[in-house]
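I record here what I found.

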Amino acid sequence: LVILVDFSDEAATLSKDEVDAWLNTKGYTKNGLTGSIRDYFLGQSNNLVDYQNEVHGYYRAKQPKSYYDGGSGYARADELWSEVIAAMDGEIDFSLFDNDKDGKTDAISLLYAGDEGTFGVGLWPHAASSRDKKDGVTLNRYMMTALHAKPTNYVFAHESGHMLFGWPDLYGVGDYCIMANRGADTNPVGINDVFRVDQGWVDVVDIDQSTNASYTTAPDGAPYRYLNPAKSGEYFLWSNVQPTQEWVSLKGGGILLWHFDHSIAGNSPPAMLELAVVQGGGSRILSETNWPSPGSAATDFFYKGNNSELGASTKPSSAWNNGSASGLRIYDISANGAQMTFSVGTGPLPDGGIVLLDA
């Protein structure tokens, strides 16, 4: 559900039909976009998530926008939320937006005319939860963000990540996820493969200490994962990421390696991160730096000519976060390209150097 709001001091400049087209039309190319919000999630989920929004409004708020943009924290945004829901109750049957019939709505987006205002205050884009009940359902998760003068995809997709999937803000990972830096408002980067695997949107190839094999990897192919057998929720995951399509803004390509540790609460540089990029160049500049910079660099990736091996004694190393040896060794990583090869393990490869292709 999307509800449009404007104000006496900030009238709507986009029609309801224009907003509907931006959110829902397959192949949308207006306003410099290379796809709609629906296109973005279809692409990132390999057609498993068809995210369509029913648009209502405009509702004219009781107070000018300058009022809701003030106050302390999000208090006046909460006030606007309650006002809008009460006013629109007669027009909207909220029970229709409980898709899984668990008594809670799944996604309500409040889009307001104009720009965003001040970080962390008033109407600044954010996702939240509500205990309001209408039409027999709890209006559970919602988000609000600005419409601007023309549609852009980053903030709507980012806040939808919070609202729909519970993804956190990823400070300290540069430009490598929609939940991280705001690198490109119009056509933002994709969703990292740790989240995509967790949602079941891509297959994953599991590697363990007994594996001795060579593999090929191509963009958007199955990532590879190495689990910590002694600690549930910690693992390395890697895949071939190239600066094409949604990743065109990246300043390099190759094997992008993630270290996930669910025992860490969130991503707050310079502290150790729950989800971190293991930078091929050996630095920790990404994980020690909050947004908006740095963004991306060719040296963040693993490839022949930058760093072609990860192991116990390399820099960076394959140690777990407690400093213990993981046993993971990735070596003979090829030159950067649309199809890359690498080997894993500490023992001999099978006769003939068998190459296993991505699923």
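Entry 1: Strand β12 (residues 254-261) and β13 pair in the antiparallel sense over three bridges. I note that two strands count as paired if DSSP finds at least two bridges between them. Strands (E, at least two residues) and helices (H or I, at least four) are DSSP runs, numbered from the N terminus.

The model is a predicted one, in which local features need pLDDT of at least 70 and side-chain atom pairs count only at pLDDT 80 or more, while totals for chains, interfaces and linings use all residues. Residues are numbered from 1 along each chain as its sequence is written, and side-chain values use heavy atoms, with hydrogens and water left out.

I then traced the order β8-β10-β11-β12-β13, which makes an open sheet of five strands with mixed pairing. β8 (205-207) and β13 (275-277) stand at the edges with a single partner strand each, so one side of each has no neighbour in the sheet. From one strand to the next, the twist averages 25 degrees; the angles run from 0 to 180 degrees between N-to-C directions, with axes fitted to C-alpha atoms.

**Entry 2: strand β1.** Is β1 buried or exposed? I found five of the five residues of β1 (residues 2-6) buried, so the strand is largely enclosed by the rest of the structure. Buried means under 20% relative accessible area, exposed over 50%, and partly exposed in between (1.4 Å probe, protein chains only). Val2, Leu4 and Asp6 point one way from β1, and Ile3 and Val5 point the other way. In a regular strand the side chains alternate between the two faces of the sheet.

β1 runs parallel to β3 (residues 108-112), joined by four bridges, and valine 5 has tyrosine 112 as its bridge partner there. Four bridges also pair β1 with β2 (residues 55-60) in the parallel sense; aspartate 6 is partnered by arginine 60.

**Entry 3: backbone exceptions.** Most residues other than glycine have a negative phi, and most peptide bonds are trans. I noted a cis bond from glycine 57 to tyrosine 58, with omega near 10 degrees; tyrosine 58 lies in β2. The bond from proline 269 to proline 270 is also cis, with omega near 5 degrees, and proline 270 is in the loop between β12 and β13.

Asparagine 46 has a positive phi of about 55 degrees and is partly exposed, at 36% relative accessible area. Glutamine 245 has a positive phi of about 50 degrees and counts as exposed at 70%.
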